[in-house]
Amino acid sequence: MRRAIALAARGLGSTSPNPVVGSVILDASGDIVGEGFHQRAGGPHAEVHALRAAGDRARGGTALVTLEPCNHTGRTGPCAQALIDAGIARVVYAVGDPNPSATGGAETLRRAGIDVEGGLLADEAEAGNIAWLTSVRLGRPHVTWKYAATLDGRIAAADGTSRWITSAESRADVHRLRAECDAVVVGSGTARTDDPHLAVRGIDGVVQPLRVVLDTHATTLPTARVLDDAAPTLVVVAEDADARHLPGVELLRLPLHDGRIGVHDLLTNLHLRGVRSVLLEGGPTLAGAFVAAGAVDRIVGYLAPVLLGAGPGALGAAGITTITDALRLDVTESVRIGPDLRITATLATK
Ligand code: AOF
Ligand code: ZN
């Protein structure tokens, strides 16, 4: 199963709106005879790739799958039936399928006389597929807020200069994070002051994430680097914004609440477009709004061994004024990236 989880991870960033899934087939004597993972939506499911690789050797064997085999005919046929047809004797999966239209595979397999076990390495498999699972459960994409700051938590100096706080190694690591996400979101302030490009560079065969600029008053310049053709771009503006200076740019018009575009409105719309994971890249005001809306699931902070002593902090106002309201996090990983420290955390479950 650990091998199947590693295989599933190879699909990260290219399977949406579908999950990442890995599968390993063992023959009757327990040797690995087939491996597979889901590569892109509409393509064969992981089990089908693994069964094809195994051929006749699957008969009487065991299938390990990171997600309960599907029971439906969607873009492809039901994997439960494919496993039955291949003569598999035992199926072990990690996480049950929460997708109402695909669920029921375990039951179908049992009724066909196959020995079925669920829950093996469920926590690890869940972590590897967290974007898709979160989006099925909540009806919105999984959100990772990423920032780069000095050790004293500042993202720019008092005069606004900010290049480069973190190292080249950290900046390359951010491209990997982007490549694993379906969309990268920034606010119009960041788009204007930093003129970021936001496409993925230096990773072969990547599916470029959708670049999303939250730009209530349509202040994005037609010359902004984020509008080039390296990746698709969506500019999200108020219903009545004047965007005549952005011909040919794809716009999403959303209603305002108290003069702002709602975080959940934005996320619901991205979800409808098939976006399952969002990388929130800035700046502090937008990050504060996402945190205040309860819409940050994971935080990845790059901390550079640098001090500034003044300048804006990584997170803007998030509606927290007293220490008892502080958001407590669980650190899930901390590693050195070149000279910097990368800390990954999730919200503590109370
Ligand atoms: C996948 N890949 O390896 C497995 C999936 O759109 P369809 O017809 O391909 O069906 C997608 C659903 O099938 C998906 O939401 C999930 O519930 C189930 N299993 N999906 O894309 C796979 N095993
Ligand atoms: Zn399937």
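Me: What makes S7 and strand S8 (residues 210-214) a pair, and which way do they run?

Reply: In this predicted model, 5 bridges join S7 to S8 and the two run parallel. Pairing requires at least two bridges between strands, so with 5 bridges S7 and S8 count as paired. Along this pairing Ala183 stands opposite Leu210, and Gly187 stands opposite Leu214.

Me: How do you know that strand S7 (residues 183-187) is largely enclosed?

Reply: A residue counts as buried when 20 or more other C-beta atoms lie within 10 Å of its own. In S7, 5 of the 5 residues are buried, so the strand is largely enclosed by the rest of the structure. In a regular strand the side chains alternate between the two faces of the sheet.

Me: Why are S10 and S15 called edge strands?

Reply: The sheet is open and has 9 strands in the order S10-S9-S8-S7-S13-S6-S14-S16-S15, with mixed pairing. Strand S10 (250-254) and strand S15 (329-337) each pair on one side only, and they are the edge strands. Neighbouring strands of this sheet are turned by 25° against each other on average, with direction ignored.

Me: Why is Ala148 called buried, whereas Asp194 counts as partly exposed?

Reply: Ala148, which lies in strand S6 (residues 142-150), has 23 other C-beta atoms within 10 Å; the cut-off for burial is 20 or more, so Ala148 is buried. Its contacts, not counting residues up to four places away in sequence, are Ile155, Ile165, Thr166, Ser170 and Tyr302. Asp194, in helix H8 (residues 188-194), has 18 C-beta neighbours inside 10 Å. Residues with 12 or fewer are exposed and those in between are partly exposed, so Asp194 falls in the middle class.

Me: How do you know that the residues UniProt lists for "binding site" do not all gather at one spot?

Reply: The unreviewed UniProt entry lists, among others, Ala148, Trp164, Asp194 and Gly283 under that heading. The listed residues span 142 residues in sequence, and the farthest two C-alpha atoms are 28.2 Å apart, so they do not all gather at one spot.

Me: Which residues of helix H6 (residues 130-138) are buried, and what do they pack against?

Reply: The buried residues of H6 are Ala131, Trp132, Leu133 and Ser135. These buried residues pack against helix H5 (122-128), S6, helix H9 (263-272) and strand S13 (277-282). After H6 comes Gly139, whose phi is positive, near 70°.

Me: What surrounds ligand 1?

Reply: Ligand 1 is surrounded by 16 residues, the closest being Asn18, His45, Gly74, Asn99 and Ala102. By class, this shell has 8 nonpolar, 6 polar and 2 charged residues.

Notes. Residues are numbered from 1 along each chain as its sequence is written. Chains are lettered from A and ligands numbered from 1 in the order in which they are written. This is a predicted model: local features need pLDDT of at least 70, side-chain atom pairs count only at pLDDT 80 or more; totals for chains, interfaces and linings use all residues. A residue is near a molecule or strand if its C-beta atom, placed from the backbone, lies within 6 Å of it. Ala, Val, Leu, Ile, Met, Phe, Trp, Tyr, Cys and Pro count as nonpolar, Asp, Glu, Lys and Arg as charged, and the others, Gly among them, as polar. UniProt positions are given in the numbering used here, feature names are shortened, and annotations may be inferred rather than shown by experiment. Helices (H or I, at least four residues) and strands (E, at least two) are DSSP runs, numbered from the N terminus. Two residues are in contact if their C-beta atoms, placed from the backbone, lie within 7 Å. Axes are lines fitted to C-alpha atoms, for helices over the stretch in contact, and angles run from 0 to 180 degrees between N-to-C directions.
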